[in-house]
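Here is a short report on one protein chain. It moves from the overall fold to a few local features.

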Amino acid sequence: MESTRKEKRDGASVLDLDPKSTVGGGVEDVYGEDRATEQQLVTPWTYSVASGYSMLRDPKYNKGLAFTEKERDAHYLRGLLPPAVSTQQLQEKKLMNTIRQYQVPLQKYMALTELQERNRKLFYKLLIDNVEELLPIVYTPTVGEACQKFGSIFRRPQGLYISLKEKGKILEVLKNWPERSIQVIVVTDGERILGLGDLGCQGMGIPVGKLALYTALGGIRPSACLPITIDVGTNNEQLLNDEFYIGLRQRRATGKEYYDLVHEFMTAVKQNYGENVLVQFEDFANHNAFELLAKYRTTHLVFNDDIQGTASVVLAGVVAALKLIGGNLADHSFLFLGAGEAGTGIAELIALEISKQTKTPLEETRKKIWLVDSKGLIVSSRKESLQHFKKPWAHEHEPVKDLLGAVKAIKPTVLIGSSGVGRTFTKEVVEAVTSCNEKPLIMALSNPTSQSECTAEEAYTWSKGRAIFASGSPFDPFEYEGKVFVPGQANNAYIFPGFGLGVVISGAIRVHDDMLLAASEALACQVSQENYDKGLIYPPFSNIRKISAHIAANVAAKAYELGLATRLPRPENLVKYAESCMYSPVYRNYR
């Protein structure tokens, strides 16, 4: 079988090349997908050479009207296409005109999904070239609505569904996926999709969207990405009663049954794909997210974007904001609304960075950070009743029952919302934090837009234009008293694509907290003075591939430094190497 797929170049097979002479983070670039191989002629292999009608139906190789006259002859396409020959640029222009005519974001989402299933390279070319316009469509906030309606808009599978029905057979299910060289898996159990709650099997929209960004923003090849949903049921009564629901119609499995299924999955992944496949846990409920990360971080290459990715991007924003609000990280006090995965993850990474900078024990640096949950300020008198992940944040203080009281008592310089509850940063709260700070940093991180703790307009108006503001979902620029404020977006998409690329190109076998700090530092360094002048604490997404390359290089450098990298020898210029390994969506010429 393998011998029939060998691709000849100068008398030698691509599969026979020395692995050190190829790029792509340890998996040879057989299909010529990396940027460094853009000029390489490729043979469109499926199980045989793709040609004719089957080639037009294969999203990996389909170019539509962009097939040249020579390619139409060589691959039996004559008569199957209209006579006009187009360019990829013209196709892109036509599609963007079509997408812009849709008024409903979900229609745009469905149009892009259809394109991804029809012409993969054109989909990624569109996304890369129009990232600021299309990011809110393929990811938050539109992907949330897509997940809610996933049963109705489902057309064809884009990933693997592993349910309780597959218990004992998960390894066989993984082998059903057509690609073998997988580098990144994003997996969810659908229990906590964004701020929308339990969407069960319909949470698949999240892994699919995340991996589209791994490719578009981080340059991981589409063929190396695998979206997976673990379906253990749902407690969402509306879905259980929905005739179009596509998942198991039962209440969620818990306890031993749940953890046994996940353990079989993690074991099968390592057995099938090896030590170096990155498994990203996505949108698991708090009680499972912390448990799974703690259990597998020492035995597998795992990463939880809700805990670690969010923490890294927020830390980068806070570090960048220091140029606007002044002082060092250790000079500031932090108050969080929300003490779940995101809140405690961000708090821990900030405490780690302060500890690293000041050489102070972690237990001491945590005391600069306070968290408010649904029962009020987390204090030591509540310690016995707290979940284990909240206990490190229980400091000595009188009980305070609400956020406003906590702001008045703690007088934070940085206010961070990760509660998943909209409109909780009220006018009184914003005015209180502004009264004790010249330039308060306010970060309303909850997604989607409807769950944001406050809007950009509210933050700027209630603080009289003094707040430095960033949010999880995008907000338009806002003019206040003649000055235009551009809100930053603390979007995980700044971090996880570049982080994943860094892990892949170094061949890292574990994720260390110092690699997350390295990603934050790299992102903070990408904010220019021009960005600061607009009140931005994050760089524009238009430069995201350059940003991702720098993050990847920093993460890879840290992996080599910690002895966690297996791809040896270390490349001399990690930034250039990262760029050369990035997937290129430019059409290739076929033999």
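**Overall chain**

The model is predicted. Its protein chain holds 24 helices and 16 strands. The radius of gyration is 24 Å, close to the 25 Å that the globule rule gives for 591 residues, so the chain is as compact as a globular protein of that length. Buried residues account for 61% of the 591 residues. Contacts reach across the sequence: of those between residues at least 6 apart, 71% join residues at least 24 apart. The table collects the values for the chain as a whole.

| Property of the protein chain | Value |
|---|---|
| Radius of gyration | 24 Å |
| Span of the C-alpha trace along its principal axes | about 80 × 60 × 55 Å |
| Accessible surface | about 24,000 Å² |
| Share of accessible surface from carbon and sulfur atoms | 51% |

**The sheet**

Strands of a sheet pair through backbone hydrogen bonds, either parallel or antiparallel. Which applies here?

Strand 6 spans residues 278–281 and runs parallel to strand 7, with three bridges joining the two. Opposite Val 302 of strand 7 stands Val 279.

**A helix pair**

Helix 10 covers residues 205–218, and helix 20 covers residues 496–506. Their axes come within 8 Å and cross at roughly 75°. Angles of 65 to 115 degrees count as roughly perpendicular, and helix 10 and helix 20 are therefore roughly perpendicular to each other. Helix 10 makes the contact with Lys 210, Leu 213, Tyr 214, Leu 217 and Gly 218. Helix 20 contributes Phe 496, Pro 497, Gly 498, Gly 500 and Leu 501.

**A buried serine**

Ser 520 lies in helix 21, which runs over residues 513–524. Is Ser 520 buried or exposed? Its relative accessibility is 3%. The cut-off for buried is under 20%, so Ser 520 counts as buried. Leaving aside residues up to four places away in sequence, Ser 520 touches Ser 312, Leu 315, Ala 316, Leu 349 and Ile 495.

Conventions: Residues are numbered from 1 along each chain as its sequence is written. This is a predicted model: local features need pLDDT of at least 70, side-chain atom pairs count only at pLDDT 80 or more; totals for chains, interfaces and linings use all residues. Side-chain values use heavy atoms; hydrogens and water are left out. Two strands pair if DSSP finds at least two bridges between them. Helices (H or I, at least four residues) and strands (E, at least two) are DSSP runs, numbered from the N terminus. Buried means under 20% relative accessible area, exposed over 50%, partly exposed in between (1.4 Å probe, protein chains only). Contact means heavy atoms within 4.5 Å. The radius of gyration is taken over C-alpha atoms; the globule rule is 2.2 Å times the number of residues to the power 0.38. Accessible areas come from the Shrake-Rupley method with a 1.4 Å probe; for residues, only the protein chains shown count as cover. Axes are lines fitted to C-alpha atoms, for helices over the stretch in contact, and angles run from 0 to 180 degrees between N-to-C directions. Angles under 35 degrees count as roughly parallel, over 145 as roughly antiparallel, 65 to 115 as roughly perpendicular and the rest as oblique.
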